Amino acid sequence: MPEIHLPIRTGRLVLRRFDGGDLDAFHAYHSLPETARFLPGPAKTYTQSMERVGRYANFVFEKEGDWVALAIEAADQPGLLGEVVLKWLPGRGQAEVGWTLAPAARGRGYGTEAANAVLRLGFEELGLHRIEARLDELNGVSASLCDRLGMRLEARHIDKWHYKGQWATELVYAILADEWRIGSRS
């Protein structure tokens with residue numbers, strides 16, 4: 001797999017490796033029940049946030065199962081807005097994208113911009129063939145983001161996950177490299 005060159009810059013954002021200075025901001029939004037609602041597990045404790053930021057800061061992307069985890073910040077104002085991740089899945093050229101944003105960063109297009117940059121990284125630099133996103137059917141905001149990225153709804157798995165005391169229906173969105181290239185030119 002090719003080397004990942006950081007930071008990644010977009011029109012409004014910088015996607016960079018996490019560092020220790022991100023811990024308090026990361027914990028501030030990951031400790032909220034509204035953030036944890038569509039993530040596996042409960043809101044994070046400070047210790048869990050420390051562990052996650054440490055893992056994100058030291059990511060390695062060399063083999064299936066590895067994650068690229070990038071801090072999202074505004075280009076004109078440093079400070080953590082959220083994260084975008086890319087997980088290398090088993091199978092040739094397969095990956096999964098995901099995102100989480102702080103409440104103040106939601107609804108401003110940052111998630112779409114950051115996720116699109118990670119799709120570009122995956123398809124143009126890493127040579128991936130297919131990238132998917134898996135989400136709870138009740139997470140309409142993320143489903144809309146997938147639509148804006150040009151991803152197609154491929155599957156709806158009824159009662160696929162049991163978490164937080166209830167069954168959840170999983171939606172699988174995906175886009176192929178060729179589809180992304182065509183869509184990114186329009």
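Author: Strand β6, residues 130-136, is mostly covered, with 6 of its 7 residues buried. Buried means under 20% relative accessible area, exposed means over 50%, and partly exposed lies in between, with a 1.4 Å probe and protein chains only. Strands (E, at least two residues) and helices (H or I, at least four) are DSSP runs, numbered from the N terminus. The model is predicted, so local features need pLDDT of at least 70 and side-chain atom pairs count only at pLDDT 80 or more, while totals for chains, interfaces and linings use all residues. Residues are numbered from 1 along each chain as its sequence is written, and side-chain values use heavy atoms, leaving out hydrogens and water.

β6 has a neighbour in β5 (residues 94-101): the two strands run parallel and are joined by 3 bridges. Two strands count as paired if DSSP finds at least two bridges between them. Ile-131 in β6 is the bridge partner of Ala-95. Between β5 and β6 the chain passes through helix α4 (residues 110-125), and this β-α-β crossover is right-handed. That term applies if, with the strands pointing away from the viewer, the path from the first strand over the helix to the second runs clockwise.

β6 also pairs with strand β8 (residues 166-176), here in the antiparallel sense and over 7 bridges. Arg-130 has Leu-176 in β8 as its bridge partner.

Just after α5 comes Gly-150, with a positive phi of about 85 degrees.

Not counting residues up to four places away in sequence, Val-97 touches Val-84, Val-85, Leu-86, Val-118, Ile-131, Glu-132, Ala-133 and Met-151. Contact means heavy atoms within 4.5 Å. Val-97, Leu-15 and Leu-86 are the residues with the most contacts inside the largest nonpolar core, which has 42 residues. α4 gives the most to this core, with 8 residues. A nonpolar core is a set of buried Ala, Val, Leu, Ile, Met, Phe, Trp, Tyr and Cys residues joined through side-chain atoms within 4.5 Å. In soluble globular proteins, nonpolar side chains tend to be buried together. There is also a second, separate core of 12 residues, including Tyr-56, Ala-69, Leu-80 and Ala-102.

Leu-15, named above, can be followed to another pair of strands. Ile-8 stands opposite Leu-15 in β2. Strand β1 (residues 8-9) and β2 run antiparallel and are joined by 2 bridges, and a hairpin of 3 residues links them. Of the 5 residues of β2, 4 are buried, so β2 is largely enclosed by the rest of the structure. β2 pairs with β3 as well, in the antiparallel sense over 5 bridges, and Leu-13 has Ala-74 in β3 as its bridge partner.
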